[in-house]
Amino acid sequence: MNDTPVQAGDAVPEGAAPRAHVASSSKAALAVGAVGIVFGDIGTSPIYAFRETFVGPHPLALDTLHVLGVLSLIFWAMTIIVSLQYVTILMRADNKGQGGTLALVALISSHIGRIGYGWVAVMLGVFATALFYGDSMITPAISVLSAVEGLTTVEEDLAPLVIPIALVLLIGLFLLQRRGTARIGKLFAPIMITYFSVLAVLGLIQIVQNPGVLVALNPWYAVQFFMTDKLLGFLALGSVVLAVTGAEALYADMGHFGRGPLRIGWFGFVMPCLLLNYFGQAAMIIGMAPAAAAEAIHNPFFLMAPEDYRLPLVLLATCATFIASQAVITGAFSVTHQAIQLGYVPRLSILHTSETEHGQIYIPFVNWVLMIAVILLVLTFQNSSNLASAYGIAVTGAMLIDTCLMAVLFIGVWKWKMWVVIPAAAVFFIVDGAFFGANLSKVPDGGWFPLLVGAIAFTFLTTWARGRKLMRDRMSEVALPIEIFAKSAKNSATRVPGTAIFMASSTAGVPSALLHNIKHNKVLHERVVILTVQIAEEPYVDAENRMEFHDMGEGFYRMVLHYGFMEETDVPAALRRVERCGGAFDMMQTSFFLSRQTLLPSKNPSMMIWREKLFSWMLRNAATAMEFFRLPTNRVVELGSQVEI
């Protein structure tokens, strides 16, 4: 038996880590690109975040104490959560350059395994992923709706048109996904740079007129706010957190741009622009008469602009929210792709919208679910203030989970001393926990929606992972060792020319498709390859580690293809690079045999009946292995089998 790993060749496979591109591009150019894609979510927060602390579910008095207190909270929340927790600390926790909750969980699992508290980290990561879907439904709705509402500052009579215009824009956004954004994507960076620059200029004009607001940089004003209004101060955190929504996106998109360019973009441009705008809004409100301030607080972002420039500002803000929503939708596609590869989501149809950019994918099922949810949210909540009540709880929940994972990272991966871990983790637990606790008050007013979406998504994710494991365990229990099968089949079946590749989920035993083929057809091809695709807990697998094979004798081979969870599982492309394993593969002389499992009711089910039925439904509706592995349609044979779990 030959156990020598095969070298995949010098060619870099599709989906390989884009590090060469990152290394060859200047950090400044990548930082500019990041401004156009990554910072859209947090960049559109000034449209509604400051406003909601005063006109939201728990309104505050429009006096200097409360305005400066809220402003100080926004500044320090942005500093502690975004700048320190995500940009400075978590961006160090990259999994071969990739960031995000699933990548962090995979990194932790690769170091500590799934024993002990490792499984807890995995479940936390899965729940954070589930919460992300709720966030990805609310973000496009609140962003676009809040921007279009700016039309009422131009002409109050346009108020009835706000919802129809927002719906047209949102539906158009989701319809656009099928075509991809490669062409218009080139405009994202210039538009967002213009948008952030306008934010800074508008804020600076107001600060110059009322520079006293700069004292809010002192955290004492936040403390004083809490000392004066303890309950309202705590509840105000539920709206203040809107200023930092999108922080997790900076970490999740690290793989596209690298931590260096993202840090340059954040500290050097985006954060200063955002802070200037928030301070400008506060300066404008403080400088107004009480009656005027009470009117202006309903839309301070747009009212900072002179009347003649409000319509252009509305159009610019609408473009910015459109781009921010596009980034969130793309993020949903990317997270779903990772979850499929890691075994938490059934195979779904994945289409590529660009011939040159590997990462631009389109998942129809996710797109249409998001579109329906966004339309229902707009029609149900009617305005961005009502949507703000539903927003935040998913984000703060994900942030709190990231803090838990960060603590595990400190101990299990970075091996920090406990005397360092405890105070460091305590700071983030207190801050993120306070924001999450404040957002729990929003549950009756709409916060139930992302929690419901998260609970449903978590049920689907864990049911699929559990059912898949049980099904594989049952199949492996009855699997026949390949060595015994190869010897017994030598003289019991007629050998025919060509190559047969039997796809198998396990690297041990004989796949059911092979057993059924010889049972019913009573033939074997001259070359029989049992092929298993394994997904590693890292985003990319190096070319030299892509492939391994074992010669089982009698014309039987076992081949294993290794992919990262960010890569495409393009089996024909990998086979074209193989020259061993019995020779090169000619697709016209190769047949692929797939097993199609049907679940049978079990007398002693290992899952609750309703979960077993849910898993069975997911299994029936999953995309075929032919489509997922990009197998040639005219070279595939499917053979059914029945399994009890």
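Two strands pair if DSSP finds at least two bridges between them. Strands (E, at least two residues) and helices (H or I, at least four) are DSSP runs, numbered from the N terminus. The model is predicted: local features need pLDDT of at least 70, side-chain atom pairs count only at pLDDT 80 or more, and totals for chains, interfaces and linings use all residues. Residues are numbered from 1 along each chain as its sequence is written, and side-chain values use heavy atoms, with hydrogens and water left out.

View 1. S5 and S6 run antiparallel, joined by six bridges. Glu 548 stands opposite Val 560 in S6.

**View 2. The open sheet.** Six strands line up as S5-S6-S4-S3-S7-S8, with mixed pairing. S5 and S8 each have a single partner strand and stand at the edges, so one side of each has no neighbour in the sheet. From one strand to the next, the twist averages 25° (axes are lines fitted to C-alpha atoms, for helices over the stretch in contact; angles run from 0 to 180 degrees between N-to-C directions).

**View 3. Strand S7 and its partners.** Eight of the eleven residues of S7 (residues 590-600) are buried, so the strand is largely enclosed by the rest of the structure. Buried means under 20% relative accessible area, exposed over 50%, partly exposed in between (1.4 Å probe, protein chains only). S3 (residues 494-503) pairs with S7 in the parallel sense over four bridges. Phe 502 has Phe 593 of S7 as its bridge partner. S8 (residues 636-644) is also parallel to S7, through nine bridges. Gln 597 stands opposite Ser 641 in S8.

View 4. In H24 (residues 482-489), Ile 482, Phe 485, Ala 486 and Ala 489 are buried. Down the helix axis they fall within an arc of 100°, so they line one face; the arc is that of the directions from the axis to the C-beta atoms. Ile 484 and Lys 487 are exposed on the other side. The buried residues pack against H25, S4, S5 and S6 (contact: heavy atoms within 4.5 Å). The direction of H24 makes about 145° with that of S6.

**View 5. Trp 266 in the largest nonpolar core.** Such a core is a set of buried Ala, Val, Leu, Ile, Met, Phe, Trp, Tyr and Cys residues joined through side-chain atoms within 4.5 Å. Among its 178 residues, Phe 39, Trp 266 and Met 559 touch the most other members. Helix H7 (residues 118-148) gives the largest share, 15 residues. Not counting residues up to four places away in sequence, the contacts of Trp 266 include Phe 39, Met 78 and Leu 250.
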